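Biologist: Could you walk me through this one step by step? I'm new to reading models.

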Amino acid sequence: MDSQSRCVVVTGFGPFRQHLVNSSWEALKELSKLGLGVDTDIELRTLQLPVDYREVKRRLTTIWEDFQPQLAVHVGMDTSAKAIFLEQCGKNRGYRDSDVRGFQPEDGVCLPGGPEVRLSVVNMKEVCRRVAVENVEVAFSRDAGRYICDYTYYLSLHLGTGHAALIHVPPLSPWLSASLLGKALRVIIQEMLEESGEVQTQRTAA
């Protein structure tokens, strides 16, 4: 990657368990059509991650080594959520649920010897306070759920020295379309970039 290039990497997840459609990836497809609406020298890269612990670790390493993003934003689906949740931190332990290949990390640990909690450089409470999204609440969270999303977040925070974010979105529904979620992600990521000092954004309404 050109050292002068600047990019934001946004990832979503593929199918898992009985969920053949993952709202995180459907929302990202909409976001990729919209673009970030920020400085033209920041490139948006969207990637799908499988719900697979080992493959996530491999791909995250590649993302941080090859792209060196200003910010990596991971979007996951919370099957029980009614709101969009902005996660402040990732946890190192407690990964007991198996992935789509039946694998779970040894001793339920993401990074042996790592700190119990890693925090994002983005102040998610501030982003929640400042962002307004039509027809859906945006809320703050400090518990990302100890599954692939949390695992991804912790690793990305480690690899990117805190320059990562995790957004949990609800499943698609008659009142929450992929298009609406894509617009919401655009506004939220704009605020994250601005709050973290990475860019002065040109605000657009969702």
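**A tour of the model**

Modeller: Let's begin with helix H2 (residues 53–67), whose 15 residues reach 21 Å from the first C-alpha to the last, close to the 21 Å expected at 1.5 Å a residue. The expected span is 1.5 Å times one less than the number of residues, and helices (H or I, at least four residues) and strands (E, at least two) are DSSP runs, numbered from the N terminus. This is a predicted model, where local features need pLDDT of at least 70, side-chain atom pairs count only at pLDDT 80 or more, and totals for chains, interfaces and linings use all residues. Residues are numbered from 1 along each chain as its sequence is written, and side-chain values use heavy atoms, leaving out hydrogens and water.

Biologist: Within what arc do the buried residues of H2 fall, seen down its axis?

Modeller: Buried means under 20% relative accessible area, exposed over 50% and partly exposed in between (1.4 Å probe, protein chains only). In H2, the buried residues are Tyr-53, Glu-55, Val-56, Leu-60, Ile-63, Trp-64 and Phe-67. An α-helix has 3.6 residues a turn, so residues three or four places apart point the same way. The buried residues of H2 line one face of the helix, because, taking directions from the helix axis to the C-beta atoms, they fall within an arc of 155°.

Biologist: Which strands and which helix do those buried residues pack against?

Modeller: Contact here means heavy atoms within 4.5 Å. By that test, the partners of H2's buried residues are strand E1 (6–13), strand E2 (42–49), strand E3 (71–77) and helix H4 (148–159).

Biologist: Is Thr-152 buried or exposed?

Modeller: Thr-152 lies in helix H4. Leaving aside neighbours within four places in sequence, Thr-152 is in contact with Phe-13, Leu-49, Val-56, Leu-60 and His-74. Its relative accessibility is 0%, so Thr-152 counts as buried.

Biologist: How many of the residues of H5 are buried?

Modeller: Helix H5 covers residues 178–195, and its end C-alpha atoms are 25 Å apart, which agrees with the 26 Å that 18 residues should span. H5 is largely enclosed by the rest of the structure, because the buried residues number 15 of the 18.

Biologist: What is the separation of the C-alpha atoms of Val-100 and Asp-52?

Modeller: Val-100 lies in the loop between strand E5 (89–91) and strand E6 (117–119). Val-100 is partly exposed, with a relative accessible area of 47%. Although Val-100 and Asp-52 are 48 residues apart along the chain, their C-alpha atoms are separated by 6.0 Å.
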